[in-house]
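The sequence and model come first.

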Amino acid sequence: MRITADTNILVRVAVNDDPEQAKRARDLLRDAETVVLTLAALCEFVWVARRGYRRQAADIADSMRELLASPLVVVDRSAAEAGLTFLAAGGDFADGVIAFEGRRLGGEIFASFDRRAVELVSAQGGDVYLLEPASPR
């Protein structure tokens, strides 16, 4: 069977907060012919693991790299690696994916209110535009 794994499948396996569901999720991933991971699911996974479960970035990256190492996994590996690079540098996984996809789709300048994201894109040689937040009224 070829499956597209929802975020909750990835979370169950990584955090094992519900042993029965975690076992079922691991079995599903192990028995699948192909496991498709969307970038949206990976972004959600990182967000849930960081915010909901207070996992450290390095632990999340280790879990994700283990998953991505499987030959059964189909994912936009370049975009996932861009997200992991941002995560390792102290940024948000999703910002790395957004910057990568934006460049690939023809965006020449990464624009954001997020100073850290702009700094990381700039450090990687990308053109950036930092919008300053509006002053309080």
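## Basis and terms

Helices (H or I, at least four residues) and strands (E, at least two) are DSSP runs, numbered from the N terminus. Asp 27, for example, has its place in helix H2.

The model is predicted, and local features need pLDDT of at least 70, side-chain atom pairs count only at pLDDT 80 or more, and totals for chains, interfaces and linings use all residues. Residues are numbered from 1 along each chain as its sequence is written, and side-chain values use heavy atoms, with hydrogens and water left out.

## Overall layout

The chain has 7 helices and 5 strands. Read from the N terminus on, the order of elements is β-α-α-β-α-α-β-α-α-β-α-β. Taken along the principal axes, the C-alpha atoms fill a box of roughly 50 × 35 × 25 Å.

Of the 137 residues in the chain, 37% are buried. Buried means under 20% relative accessible area, exposed over 50%, and partly exposed in between, with a 1.4 Å probe and protein chains only.

## The three-stranded sheet

Strands of a sheet pair through backbone hydrogen bonds, either parallel or antiparallel. Here two strands are taken to pair if DSSP finds at least two bridges between them. An open sheet is formed by 3 strands in the order E1-E2-E3, with parallel pairing. Its edge strands are E1 (2-4) and E3 (73-74), each of which pairs on one side only.

Strand E2 (residues 34-36) is joined to E3 by 2 bridges, and the two run parallel. Within this pairing, Val 36 stands opposite Val 74 in E3.

Together with helix H7 (residues 115-123), E4 and E5 make a right-handed β-α-β unit. A crossover is right-handed if, with the strands pointing away from the viewer, the path from the first strand over the helix to the second runs clockwise.

In a regular strand the side chains alternate between the two faces of the sheet. Phe 110 stands opposite Val 128 in E5.

## The largest pocket

Pockets and cavities were found on a 1 Å grid over the protein atoms alone: a cavity is a set of points where a 1.4 Å probe fits but cannot get out, and a pocket is an open set with protein on both sides within 12 Å along at least five of seven lines; lining residues have an atom within 4 Å of a point. Grid points are joined across faces, edges and corners, and a volume is the space filled by probe spheres set on the points. On these terms, the largest pocket holds about 330 Å³ of space. It is lined by 16 residues, and the closest to its centre are Val 13, Leu 29, Ser 63, Glu 66 and Leu 67. The elements that give two or more residues to this lining are helix H1 (7-15), helix H2 (19-31), helix H3 (39-52) and helix H4 (57-68).

H4 gives the most to the lining, with 4 residues. By type, the lining residues divide into 11 nonpolar, 2 polar and 3 charged. Ala, Val, Leu, Ile, Met, Phe, Trp, Tyr, Cys and Pro count as nonpolar, Asp, Glu, Lys and Arg as charged, and the others, Gly among them, as polar.

## Selected residues

Asp 27 has side-chain polar contacts with two residues: one of 2.7 Å with Lys 23 and one of 2.9 Å with Arg 30. A polar contact is a pair of N or O atoms within 3.5 Å; within protein, one must be able to donate a hydrogen and the other to accept it, and residues adjacent in sequence count only if both atoms are side-chain atoms. Glu 66, in helix H4, is exposed, with a relative accessible area of 63%. Ala 99 in helix H6 (residues 93-104) is buried, at 4% relative accessible area. Its C-alpha atom lies 8.3 Å from that of Ala 82, and Ala 99 and Ala 82 are 17 residues apart in sequence.

Asn 16, although not a glycine, has a positive phi of about 50 degrees. Asn 16 is found in the loop between H1 and H2 and counts as partly exposed, at 39% relative accessibility. Arg 54, in the loop between H3 and H4, likewise has a positive phi, near 55 degrees. Arg 54 is exposed, with a relative accessible area of 63%.
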